[in-house]
Amino acid sequence: MIQSEFLRYSCQIALPGFGEASQQRLQNASVLIVGAGGLGCPAAQYLVAAGVGAIGIVDFDTVSLGNLHRQILYTNEEIGQKKVSVACKKLQQQNPDVTLVPYDTLITSENVEIIIQQYDIVIDCTDNFDTKYLLNDACVLSGKPLVFGAIYQYEGQVGVWNVANEDGTLSPNYRDLFPSVDTARIPNCAEGGVIPTLAGIIGCMQANEVIKYIAKTGSLLAGKVLILDAQTLQSRIINICRVTKTSITALTETVSIPLISVNDLKASLIEDIYELIDIRTTEERLIFNIGGRHIPLSEIENNNYSIKNGKPVVLYCASGKRSAEALKMLKEKFPSANIFSLEGGLKAWKEQA
């Protein structure tokens with residue numbers, strides 16, 4: 001190890017049970033971070049600072065004003081720019097010796113295995129269940145460990161999936177804990193809120209699990225989930241099981257969601273091209289709406305709705321999450337209907353007002 005590297009990492013090299021051998025493992029390792037948001041920002045910063053050799057960052061989104069309170073790599077000046085580009089540029093300045101690889105793309109069933117196969121370990125810093133299941137299944141099929149993180153309001157969760165046990169068996173994965181989830185019923189951060197410091201705490205915990213895994217120190221959260229309450233700072237660890245009980249044989253094909261941007265929708269409203277459908281609750285609609293019919297998601301789930309012939313339809317909600325789920329349901333009943341989901345929902349609409 002050259003002198004400059006020793007100086008940069010001297011404090012962690014001095015740790016009992018760490019030393020130069022563990023530091024060399026970090027420098028030889030590669031980590032994929034999926035999601036450059038509230039969790040991905042702190043996780044990336046600390047892994048770059050620790051000297052992980054190569055880090056890939058996957059994100060297809062842009063910097064948004066409403067996310068700056070928890071996505072700490074970005075500033076007002078970068079609003080509208082691609083997150084992966086901004087993140088990699090700043091992280092490279094933080095540590096020029098780390099190789100950073102940006103992936104400005106949406107993770108799908110078609111590209112996920114190709115991307116993750118290049119890395120030793122994957123960090124799930126995403127905020128939607130479809131991607132969490134996709135990453136989980138792809139890591140199981142590819143034999144990659146996956147560090148899970150999730151935040152909502154004041155609660156955060158961390159765990160490590162798909163780690164090889166000493167006897168050759170594998171530790172539990174996401175489907176051992178949550179075989180399935182009604183994604184339409186669980187709001188994301190934009191809808192339910194999240195305290196910003198929680199994102200930093202959980203993201204750092206994820207980075208900590210990665211460092212432990214690579215450096216071969218400490219005890220991993222394999223087969224366990226740590227749950228943290230940010231209001232009381234109380235945490236508890238739930239033991240799931242030692243060995244996975246699920247059988248994953250193939251990826252679930254990613255469903256493509258036709259999106260329309262806020263700018264395109266605003267430009268078309270003058271010509272009355274689209275029929276708008278608000279799928280939020282009555283209470284949400286009374287606070288603010290952009291017009292159109294009101295068909296709550298509950299009515300769509302219960303098949304108590306209809307799609308009029310003629311104009312293409314744009315569904316909208318608070319963030320775009322529920323409207324995407326509603327679109328899937330509507331396409332099952334009306335496969336030939338021309339339906340779009342408002343990208344970013346009313347949150348994006350207000351930001352671009």
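Modeller: The model is predicted, so local features need pLDDT of at least 70 and side-chain atom pairs pLDDT 80 or more, while totals for chains, interfaces and linings use all residues. Residues are numbered from 1 along each chain as its sequence is written, and side-chain values use heavy atoms, without hydrogens and water.

Colleague: What makes β3 and β8 edge strands?

Modeller: The open sheet has 8 strands in the order β3-β2-β1-β4-β5-β6-β7-β8, with mixed pairing. Strands here are DSSP runs of E with at least two residues, and helices are runs of H or I with at least four, numbered from the N terminus. β3 (99–103) and β8 (234–239) each have a single partner strand, so one side of each is left without a neighbour in the sheet.

Colleague: How do you know that β1 and β4 pair?

Modeller: Pairing requires at least two bridges found by DSSP between two strands. Residues 30–34 of β1 and 121–124 of β4 share 4 bridges in the parallel sense, therefore they count as paired. One of the bridges joins Leu32 to Val122 in β4.

Colleague: What packs on the sheet there?

Modeller: Helix α4 (residues 40–50) does, touching β1, β2 (54–58), β3 and β4; contact means heavy atoms within 4.5 Å. The direction of α4 makes about 165° with that of β1, where axes are lines fitted to C-alpha atoms, for helices over the stretch in contact, and angles run from 0 to 180 degrees between N-to-C directions.

Colleague: Why is the pair of Phe148 and Trp161 called tilted?

Modeller: Rings of Phe, Tyr and Trp (its six-membered ring) pair if their centres lie within 6.5 Å; planes under 30 degrees apart are stacked, over 60 edge-to-face, and the rest tilted. Phe148 and Trp161 are 5.5 Å apart centre to centre, with 35° between the planes, so the pair falls in the tilted class. Phe148 is in β5 and Trp161 in β6, 13 residues apart.

Colleague: Why do Phe148 and Trp161 count as buried?

Modeller: Buried means under 20% relative accessible area, exposed over 50%, and partly exposed in between (1.4 Å probe, protein chains only). Phe148 has 2% relative accessibility, so it is buried; Trp161 has 1%, so Trp161 is buried as well.

Colleague: What makes the pair of Tyr274 and Phe340 edge-to-face?

Modeller: The planes of Tyr274 and Phe340 make 85°, and the centres are 5.9 Å apart. Tyr274, at 19% relative accessibility, also counts as buried.
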